[in-house]
Amino acid sequence: MKKAVMSAALMTAVAFTGVAEDKIVIDGSTTVGPIAKAFAEYFMAAHPGVNITVSESGSGNGAKSLINGVCDIADMSRPMKNSEFKAAIDNGIQPVAHAVALDGLPILVHPKNPVQELTIEQIRSIYTGVITNWKEVGGPDMEIVVITRDTNSGTYETFEGLVMNKQKITEKAEYVGSNGAVRQRVQSTPAAIGYAGLGFVDKTVKALRVNGIYPSAATVRTGEYPIARPLFMYTNGYPELGSAVYQFVTLYLSEDGQEIIDEIGFIPVTSY
Amino acid sequence: MRLETRRLLDRAFSGLGVIAIGVMALALIVILTPIIVKGSGAFVFRSTVEHRKVMFDQWDRGNPQRIEADKAAAAEARQPVYDMLSAFDAELKAMPRKERSLYKKPLRELEKALAELLGPVPGEHTPVLIRQQYGATRWDRAKIKLDELLYTEDWDYSNPDALGVLVKTPRVEQFRGTALEPLFAYIKENISAMMRPRWTFYWQFLFDTSKDSHIFGGIGPEVLGTIYLTLGAMIFAIPMGVIAAIYLCEYSREGRVVSFLRICISTLAGVPSIVFGLFGLAFFLNTIHISNSKSVLAGSLTLSLLILPTVIRASEEAILAVPHSYKEAALSLGSGRWHTVMTVILPAALPGILTGTVISMGRAAGETAPIIFTAAVSVGRPLMPLEALSQPTPALPWNIYNLSTEHEAVDEIRHVQFGMVFTLVALVLLLNLFAIVMRARISKKLRG
């Protein structure tokens with residue numbers, strides 16, 4: 001019994017002294033999540049003393065976390081809004097953007113769906129509820145199931161800005177909470193249409209040509225593909241040089257960082 | 001009522017009871033069977049040589065000589081594949097440019113499918129992402145990858161009025177008449193020699209950290225995080241709950257205030273858990289800044305608020321169930337109220353209190369909503385106890401949700417998802433079992 005107590009005490013002592021020296025807390029976009037997670041893995045392998053935690057709760061929540069000072073890095077798949085900047089400044093936080101990668105927003109349908117191409121106007125009409133049947137855009141006679149992201153999402157706001165042109169999304173649309181959920185909904189519903197980050201496209205869903213352009217690294221970078229955007233990490237001020245946060249948010253500039261972004265399916269900012 | 005009618009009613013009622021229990025048992029079987037069957041697949045499965053490579057490279061596990069022999073045997077079986085690829089490369093170089101470009105896309109797709117099955121080509125550039133440094137680690141995944149390698153999937157849209165039809169064509173058709181033609185038959189024949197499947201009991205799944213966002217490794221940080229959160233919630237909820245119950249039963253005078261308090265507690269028990277989560281975020285993190293990010297501490301406090309009403313109600317019931325004569329005897333012997341509570345009432349009520357708390361412990365372990373905004377993250381290291389005060393952690397309930405909806409490679413990691421569900425269910429079950437055993441022992445001690 002005594003021995004057990006002793007060893008327990010010893011273990012606690014060891015546990016309490018073995019505190020990691022540094023931590024980085026990351027919150028925000030589910031689109032940037034895979035990049036942040038892969039960067040964290042890469043970074044922690046090189047710096048065993050740093051604990052990086054990543055949560056994927058949406059761009060809006062990421063911004064809120066940064067404004068409230070409860071995260072070090074906010075992943076965002078849209079730029080910060082003026083109102084968020086203002087709230088941040090009022091809280092003594094100065095948001096600095098690091099554009100870590102580019103992303104096209106592929107329009108996803110079920111691979112069974114024979115439609116290969118839509119124009120921006122057609123997509124808008126589908127999302128406003130004017131076009132309700134695939135027949136109207138050259139497909140089979142099926143009622144369109146419209147999938148969209150929650151309003152907290154940066155992907156949603158990008159889509160709203162680049163496609164919807166200030167028009168309201170139909171009330172019949174289904175709102176889901178993450179990129180992965182959009183893909184799951186589309187891959188299980190032959191009549192569905194949705195949108196997600198490039199890194200979430202696999203062979204269970206089909207990306208459409210938009211205005212005749214297929215989303216790819218080349219067409220996104222040249223701006224030919226119409227629904228594209230940069231992905232951001234925001235920090236409070238520019239991180240102190242040499243700090244773990246500084247090293248982390250500049251990782252995307254390194255060759256390995258760019259390769260990671262590429263391997264996950266997103267587009268590095270420069271062609272390395 | 002006539003005797004026969006009564007009997008009939010009696011029988012009908014007991015029949016209904018049996019049916020109800022039967023339905024419940026059936027539901028339990030329907031729910032638990034896939035959890036157990038698929039969940040155990042995370043622990044016991046046929047691993048390929050790639051799994052052993054991961055274990056050796058990332059965790060230093062396995063006998064180096066045996067691993068080397070294993071790798072060498074697999075590499076030998078794979079060599080003809082790479083030979084055929086280089087032979088085809090030479091063929092390509094000799095081709096006129098126009099013909100060569102025809103093979104560009106099929107070759108790229110073939111190389112991708114090969115890398116997913118076997119890992120990167122030896123001697124070539126090693127990818128940065130760990131998930132691309134290895135082939136299929138599980139035999140069941142390897143068979144799927146093999147199928148993807150052998151067949152190309154196309155959709156036939158020839159009928160514009162109907163849905164497309166999946167057409168699987170052997171990939172070999174794309175390479176007829178080239179050096180790659182025998183490749184497909186070779187791989188199909190020798191897949192076992194190339195992957196070397198073997199039954200493995202990967203018990204370390206419970207303790208290993210995950211590598212490359214859960215694609216390799218285990219669920220150690222999640223299990224530890226769940227334990228921290230649950231214990232933390234208990235540390236706050238049990239003393240508060242039991243003291244509140246003692247006050248309500250023994251000290252307070254029945255009146256408007258107390259019955260109002262009781263109503264409040266009952267209402268609190270019915271508040272949806274997400275409300276507690278948002279309250280935790282707004283109060284613990286954004287108002288009193290208990291830690292400067294999400295943390296286990298904030299999550300535990302939120303969970304403890306969630307289970308507090310249950311603990312209070314269970315303790316109250318247990319205290320009220322102590323026979324009045326115990327208390328009267330103690331008081332008549334001249335002991336004070338405090339003394340009576342501590343030496344007579346609490347020990348007698350302990351089994352009931354314990355049951356109530358352990359049941360709420362199971363609830364705390366499984367709750368997702370309260371920890372989303374206060375404690376849980378998708379990836380992170382296992383924490384030391386002191387770090388739990390200031391750092392967030394992955395936790396089983398949240399990560400089950402995260403991995404099955406948000407993760408970028410959901411289909412690749414089904415076994416991890418089921419493994420987590422299995423572990424969480426087992427954890428809660430163990431807690432409940434522990435409660436039953438403890439209760440039985442304490443009651444026995446009290447009687448004896």
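Where does helix 4 of chain B bend, and by about how many degrees? I started my notebook with that. The model I am reading is predicted.

**Entry 1: helix 4 of chain B**

I found the bend at B:Lys104, and its angle is about 35 degrees. A proline, B:Pro106, follows within four residues. Next I checked the length. Helix 4 covers residues 97–118 of chain B, which makes 22 residues. At 1.5 Å a residue, the helix should span 32 Å.

What covers them? Last, I looked just past the end of helix 4. There B:Gly119 takes a positive phi of about 90 degrees.

**Entry 2: helix 8 of chain B**

I turned to residues 256–270 of chain B, which form helix 8. This helix has 15 residues. From first C-alpha to last it reaches 21 Å, close to the expected 21 Å. How many of its 15 residues are buried? I got a count of zero, so to speak of cover here, the helix is hardly covered.

**Entry 3: the nonpolar cores**

I looked up the largest nonpolar core and found 149 residues in it. Those with the most contacts inside this core are A:Ile35, A:Phe39, A:Ile73, A:Ala101, A:Phe266 and B:Leu229. Helix 10 of chain B (residues 296–320) gives the largest share, with 14 residues. I also noted a second, separate core of 18 residues. Its members include B:Ala74, B:Ala142, B:Leu180 and B:Leu183.

Which residues does A:Ile73 contact, once neighbours within four places in sequence are left aside? My list reads A:Ile24, A:Ile26, A:Met233, A:Tyr234, A:Thr235, A:Val245 and A:Val249.

**Entry 4: the domains of chain A**

Across the boundary, 14 residues of domain 1 are in contact with 13 residues of domain 2. Which helix gives the most to the domain 1 side? Helix 3 of chain A (residues 59–67) does, with three residues. By class, I counted four nonpolar, eight polar and two charged residues on that side of domain 1.

How values were computed: Residues numbered from 1 in each chain as written. Chains lettered and ligands numbered in written order. Predicted model: local features only at pLDDT ≥ 70, side-chain atom pairs only at ≥ 80, totals over all residues. Contact = placed C-beta atoms within 7 Å. Helix = DSSP H or I, 4+ residues; strand = E, 2+ residues; numbered from the N terminus. Nonpolar A, V, L, I, M, F, W, Y, C, P; charged D, E, K, R; others polar. Core = buried A, V, L, I, M, F, W, Y, C linked by C-beta atoms within 7 Å. Buried ≥ 20, exposed ≤ 12 C-beta atoms within 10 Å, placed from the backbone. Expected span 1.5 Å × (residues − 1). Bend = angle between axes of the 7 residues up to and from the residue.
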